[in-house]
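Please look over the structure below together with this report, which moves from single residues to the chain as a whole.

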Amino acid sequence: SKIVQKWRLNSWPKDHYSKVTITLLDKGDRTMVKLVQTGVPVGEREQVKTGWNSYYWNPMKQAFGFGAGLI
């Protein structure tokens, strides 16, 4: 129900990692995926947000159904 991992972009300093926590919440007829990411370098937040949407959330929405909600 929970995944915690170190995560980074290749462009970040070699030893700098953020912490990503993904929690799966049972909502009866659906599952909510909650992502919390801390430790993103200053000035990188928008790039990281765009990356999550482009490479993860939007493809999952396409794969698992048109009605999938993104917050």
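Phe 64 is exposed, with a relative accessible area of 69%, where exposed means over 50% relative accessible area, buried means under 20%, and partly exposed lies in between, with a 1.4 Å probe and protein chains only. This residue is found in helix α1, which covers residues 45-64; helices (H or I, at least four residues) and strands (E, at least two) are DSSP runs, numbered from the N terminus.

Together with Tyr 55, Tyr 56 and Met 60, Phe 64 forms a nonpolar patch on the surface, with about 510 Å² of accessible area in total. Patches are made of residues with over 30% relative accessible area and no salt bridge, where like charges are joined within 9 Å and nonpolar side chains (Val, Leu, Ile, Met, Phe, Trp, Tyr) within 5 Å. Accessible areas come from the Shrake-Rupley method with a 1.4 Å probe, and for residues only the protein chains shown count as cover.

## Basis of the model

This is a predicted model, in which local features need pLDDT of at least 70 and side-chain atom pairs count only at pLDDT 80 or more, while totals for chains, interfaces and linings use all residues. Residues are numbered from 1 along each chain as its sequence is written, and side-chain values use heavy atoms, with hydrogens and water left out.

## The chain as a whole

Of the 71 residues, 21% count as buried, and the chain exposes about 5,900 Å², of which carbon and sulfur atoms supply 54%.

Among the contacts with a separation of 6 or more, residues 24 or more positions apart account for 20%, a contact being heavy atoms within 4.5 Å.

Glu 44 lies in the loop between β3 (31-38) and α1. Glu 44 is buried yet has no salt bridge, and the nearest side chain of opposite charge, Arg 8, is 10 Å away. A salt bridge is a side-chain nitrogen of Lys or Arg within 4 Å of a carboxyl oxygen of Asp or Glu, and Lys and Arg count as positive, Asp and Glu as negative, with His and the chain ends not counted.

Not counting residues up to four places away in sequence, Glu 44 touches Leu 9, Ser 11 and Trp 12. Ser 11 is found in the loop between β1 and β2 and counts as exposed at 56% relative accessibility. Ser 11 and Glu 44 are 33 residues apart in sequence and 9.9 Å apart in space, C-alpha to C-alpha.

## Pro 13 and Lys 2

Pro 13 is found in the loop between β1 (2-7) and β2 (18-26), and is exposed, with a relative accessible area of 51%. The C-alpha atoms of Pro 13 and Ala 63, which are 50 residues apart along the chain, are separated by 33 Å.

Lys 2 has its place in strand β1 and counts as exposed at 55% relative accessibility. Leaving aside neighbours within four places in sequence, Lys 2 is in contact with Thr 21, Ile 22 and Thr 23.
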